[in-house]
Amino acid sequence: MRTSGWRILAVELAEDATPLMCLEPARSPTVVLLGHEHDGVPDDGVEAADKCVEIPMVGRGASHNVAVAGSLVLYRLAGLF
């Protein structure tokens with residue numbers, strides 16, 4: 001897909017992850033990799049991604065459910081906030 005101009009984003013807590021609020025709206029077709037609530041995106045998915053995106057959280061939780069996480073990232077990629 002990358003050879004066709006697609007960008008790959010992994011939603012994952014990673015050392016060099018971009019905070020969601022700093023993510024630019026999509027300017028090209030984009031694949032969003034979402035992981036399991038407890039295990040996250042598999043390592044090979046993180047390595048294949050062009051960028052990791054982190055959704056900052058307040059409190060004790062470490063993750064959102066996949067529907068919430070996906071909605072937040074897609075809304076940002078659409079340039080709606």
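Arginine 76 lies in helix α2, which spans residues 66–77. Please bear in mind that the model is predicted. Is arginine 76 buried or exposed? Arginine 76 is buried, and yet it has no salt bridge. The nearest side chain of opposite charge belongs to glutamate 24, at 6.0 Å. A salt bridge would require a nitrogen and a carboxyl oxygen within 4 Å. Leaving aside residues up to four places away in sequence, arginine 76 touches Leu20, Met21, Cys22, Leu23, Pro25 and Phe81.

Let me turn to one of those contacts. Phenylalanine 81 is placed in the segment after α2. With a relative accessible area of 35%, phenylalanine 81 is partly exposed. Together with Met21, Tyr75 and Leu80, Phe81 forms a nonpolar patch on the surface. The accessible area of this patch is about 420 Å² in total.

I now move to strand β1, residues 7–11. Here, five of the five residues are buried. In a regular strand, side chains alternate between the two faces of the sheet. On one side of β1 are Arg7, Leu9 and Val11, and on the other are Ile8 and Ala10; both faces are covered.

Which strands pair with β1? One is β3, residues 30–34, which runs parallel to β1 and is joined to it by five bridges. Within this pairing, alanine 10 stands opposite leucine 33. Another is β4, residues 51–54, also paired with β1 in the parallel sense, over three bridges. There, valine 11 has valine 53 as its bridge partner.

Methods. Residues are numbered from 1 along each chain as its sequence is written. This is a predicted model: local features need pLDDT of at least 70, side-chain atom pairs count only at pLDDT 80 or more; totals for chains, interfaces and linings use all residues. Side-chain values use heavy atoms; hydrogens and water are left out. Helices (H or I, at least four residues) and strands (E, at least two) are DSSP runs, numbered from the N terminus. Buried means under 20% relative accessible area, exposed over 50%, partly exposed in between (1.4 Å probe, protein chains only). Lys and Arg count as positive and Asp and Glu as negative; His and the chain ends are not counted. Contact means heavy atoms within 4.5 Å. Patches are made of residues with over 30% relative accessible area and no salt bridge: like charges are joined within 9 Å, nonpolar side chains (Val, Leu, Ile, Met, Phe, Trp, Tyr) within 5 Å. Accessible areas come from the Shrake-Rupley method with a 1.4 Å probe; for residues, only the protein chains shown count as cover. Two strands pair if DSSP finds at least two bridges between them.
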